[in-house]
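Here are my notes for a colleague who is new to this structure. Please read them with the model open beside you.

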Amino acid sequence: MSITESLSIAISQALNHLYSINLLPGSIPLQETRRDFSGDYTLVVFPFVKQARKNPETLANEIGTHVIQHLDVIKNFNVVKGFLNFQVADTYWLQFVAEKAADARFGLAEAPVDAPPVVVEFSSPNTNKPLHLGHIRNNLLGWSVSRLIEAAGANVKKVNLVNDRGIHICKSMLAWLRFGNGETPESSHVKGDHLVGKYYVEFDKHYKQEVKQLVERGVEEEQAKKEAPLMVEAQQMLKRWEDGDKEVRALWEKMNSWVYAGFDQTYRRLGVAFDKVYYESQTYLLGKELVQKGLDMGVLFRKEDGSVWCDLTADGLDQKLLLRRDGTSVYMTQDLGTALLRHNEFGADRLIYVVGNEQDYHFKVLKLVLGKLGFDWADKVFHLSYGMVELPNGKMKSREGTVVDADDLIDEMERTAEEMSREHGKNDALSPEEQKHLYHILALGALKYFILKVDPTKNMLFNPAESIDFNGNTGPFIQYTHARIRSIVRKAEEGGLKTGFELQDEGLQLGEKERGVVKTLFALPATVKSAAAAYSPAMVANYAYELAKAFNSFYQDTPILREENLNLRRFRVTLCAFVATALKNTMDILGIEVPERM
RNA sequence: GCUCCUGUAGUUCAAUGGAUAGAAUAGAGGUUUCCUAAACCUUUGAUCAGGGUUCGAUUCCCUGCGGGAGUACCA
């Protein structure tokens with residue numbers, strides 16, 4: 001049992017014994033003592049004052065006295081106003097290090113084999129545009145949240161749903177036919193996804209011109225948007241696609257294959273992969289069947305023009321379109337289908353969708369419609385709604401070309417990593433391949449940490465004019481700390497120092513910074529657990545930073561290999577190796593690799 | 001119009017209703033004959049405004065002001 005659990009029980013018993021207050025150990029609000037006060041764990045006693053009919057100081061003193069009488073590992077306590085600070089005996093911390101330091105998976109729980117899986121959908125790109133910084137956030141979050149939930153002890157299936165069909169794809173296809181002159185990725189030496197993206201922008205440009213001309217001729221803008229020849233033609237193309245027209249399908253397959261080749265390359269660089277990839281072209285028909293079922297059940301209705309709707313006004317929302325008047329399906333139709341498919345296929349415990357907060361409304365509707373269709377598992381659908389990445393002058397928009405391209409950004413980060421490494425000049429002994437790999441993991445470490453350290457639910461800002469940092473609260477800072485520690489441990493091994501240490505030894509005493517490191521290590525499993533519950537890799541990132549900082553501060557003024565007392569030396573090297581493991585495991589949750597040297 | 005999100009140092013981010021609001025960066029100053037200075041140490045600097053609930057509010061509620069998103073027969 002961990003110290004926090006024992007302490008909670010002891011407090012619970014004290015409250016019961018002294019004041020007949022019944023509170024389960026699990027709901028004792030224990031917190032870590034703030035740095036400026038002495039102690040390790042703090043109980044705020046204000047909430048009990050009324051029931052105990054004591055003033056806060058007396059109350060705290062009585063509880064403290066009761067606890068130290070009944071719990072050996074609590075050495076002492078002090079009271080500041082209503083704050084009761086407990087001090088844990090060093091023997092406990094030393095014991096903890098002795099037990100856990102060699103555990104290579106410290107902080108990572110194992111999932112029960114038969115646990116129903118948690119399905120995490122992320123990435124879900126459109127095949128009409130290359131990936132940009134917004135998608136990077138999605139991919140990194142999706143990957144990291146998956147790892148996080150795994151680390152907290154669940155089976156996770158990572159899935160990707162490629163939006164490979166729809167009116168938007170037809171726009172790119174149409175623009176390519178019209179303005180492309182047969183251009184291919186090979187002919188222009190352009191990544192396929194970028195090439196197709198170019199024609200999507202091209203469509204928008206010409207379409208806007210057409211609308212403008214119509215408006216000048218006196219057509220209402222709303223009307224012009226519908227009647228512009230390019231839009232009409234795109235609609236017709238979609239209809240032909242859904243009807244299985246050979247010519248359209250062939251072009252569609254050709255252009256999509258270009259895009260996939262490009263995506264694969266970017267996914268590899270980002271280090272993300274999936275257990276299963278769905279294609280909307282293969283699932284959207286299921287959605288149409290569901291809509292028919294809904295019509296039969298009478299929970300959906302058809303308008304005069306043939307379009308199908310769901311009336312959500314009773315739920316405080318509007319009417320929602322589910323099938324166009326020409327019978328083609330929309331986003332919602334498809335998502336209904338894939339939700340059902342996924343539920344049936346995995347028997348999932350939770351269906352998590354990593355999708356931006358601009359789609360909050362969509363998921364509200366999705367859950368409501370699933371419920372109306374009679375699926376009792378609708379409440380297993382969880383929209384992990386993350387914030388937008390904004391640029392200094394606003395949101396990124398693919399159609400308007402105001403985006404930070406994913407490939408360009410990674411390229412730039414790798415160049416910066418190389419420059420900085422060369423300046424430091426510590427990696428000259430590495431082979432060219434090793435150097436290249438190092439620059440890559442440093443670049444991605446900086447990028448991933450930059451994104452993941454921010455609370456996922458919040459919008460974040462990226463300023464392209466300021467490059468992403470490599471110093472301070474950054475990925476490379478933690479990677480560097482890891483490399484330094486590994487260097488120490490290697491030297492210890494080379495010098496024949498055995499790992500492990502003798503617990504029963506009077507020379508073995510914890511310095512203040514050392515204790516800080518141990519306490520931080522101790523907090524890892526609980527941190528992973530609460531981070532997973534909050535779907536927040538940011539909490540893990542912050543933890544990794546705290547640990548690295550605590551270690552650096554300790555390392556700065558404490559001798560390790562130069563410590564004369566052999567047992568103390570062995571303890572400190574053990575502690576170093578322990579910290580390295582914890583950093584490696586936390587960074588792994590973030591999808592960040594840590595180097596052995598840098 | 002309606003709905004949702006959001007407002008913390010110059011800037012980018014923290015803070016399960018708890019103690020004196022933390023970091024990083026930028027600014028000022030310091031640390032290397034010694035285990036990796038991408039490090040460490042000192043220091044300047046902030047809760048949009050006004051009410052309310054509470055022993056206690058950055059956090060919860062209301063009003064105002066500012067920013068963003070959604071409300072599409074786009075996805």
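1. Start with the overall contacts. In chain A, 74% of the contacts with a separation of 6 or more are between residues 24 or more positions apart. Two residues are in contact if their C-beta atoms, placed from the backbone, lie within 7 Å.

2. A word on the source. This is a predicted model, in which local features need pLDDT of at least 70 and side-chain atom pairs count only at pLDDT 80 or more, while totals for chains, interfaces and linings use all residues. Residues are numbered from 1 along each chain as its sequence is written, chains are lettered from A and ligands numbered from 1 in the order in which they are written.

3. Overall make-up. Chain A holds 21 helices and 15 strands. These are DSSP runs, numbered from the N terminus: helices are H or I with at least four residues, strands are E with at least two. The C-alpha trace of chain A spans about 90 × 65 × 45 Å along its principal axes. Chain A has 598 residues, and 39% of them count as buried. Buried means that 20 or more other C-beta atoms lie within 10 Å of the residue's own; exposed means 12 or fewer, and partly exposed is in between, with C-beta atoms placed from the backbone.

4. The RNA. RNA strand B is surrounded by 74 residues, and the closest are R324, D455, G472, Y480 and S487. Near means that a residue's C-beta atom, placed from the backbone, lies within 6 Å of the strand. Which helix gives the largest share of the surface near RNA strand B? Helix α17 (residues 475–494) does, with eight residues. By class, this surface has 30 nonpolar, 25 polar and 19 charged residues. Ala, Val, Leu, Ile, Met, Phe, Trp, Tyr, Cys and Pro count as nonpolar, Asp, Glu, Lys and Arg as charged, and the others, Gly among them, as polar.

5. The four-stranded sheet. This open sheet has the order β1-β2-β4-β3, with antiparallel pairing. Strands pair if DSSP finds at least two bridges between them. β1 (30–32) and β3 (74–80) stand at the edges with a single partner strand each, so one side of each has no neighbour in the sheet. From one strand to the next, the twist averages 30°. Inside the sheet, β2 (residues 41–44) and β4 (residues 83–88) pair over four bridges. T42 stands opposite N85 in β4. Helix α3 (residues 56–70) lies across β3 and β4, and runs at about 180° to β3.

6. The three-stranded sheet. Its order is β8-β9-β10, again open and antiparallel. The edges are β8 (301–302) and β10 (319–323), each with a single partner strand, so one side of each is left without a neighbour in the sheet. Four bridges join β9 (residues 308–311) to β10. One bridge partner in β10 is K320, which faces C310.

7. A helix pair. The axes of α8 (residues 192–216) and α10 (residues 229–242) come within 8 Å and cross at roughly 125°. Axes are lines fitted to C-alpha atoms, for helices over the stretch in contact, and angles run from 0 to 180 degrees between N-to-C directions. The two helices are therefore oblique to each other. Angles under 35 degrees count as roughly parallel, over 145 as roughly antiparallel, 65 to 115 as roughly perpendicular and the rest as oblique. F203, H206, Y207 and E210 in α8 meet P229, L230 and M231 in α10.

8. A loop residue. V113 is found between α4 (90–100) and β5 (118–121). Is V113 buried or exposed? V113 is exposed, with 6 other C-beta atoms within 10 Å.
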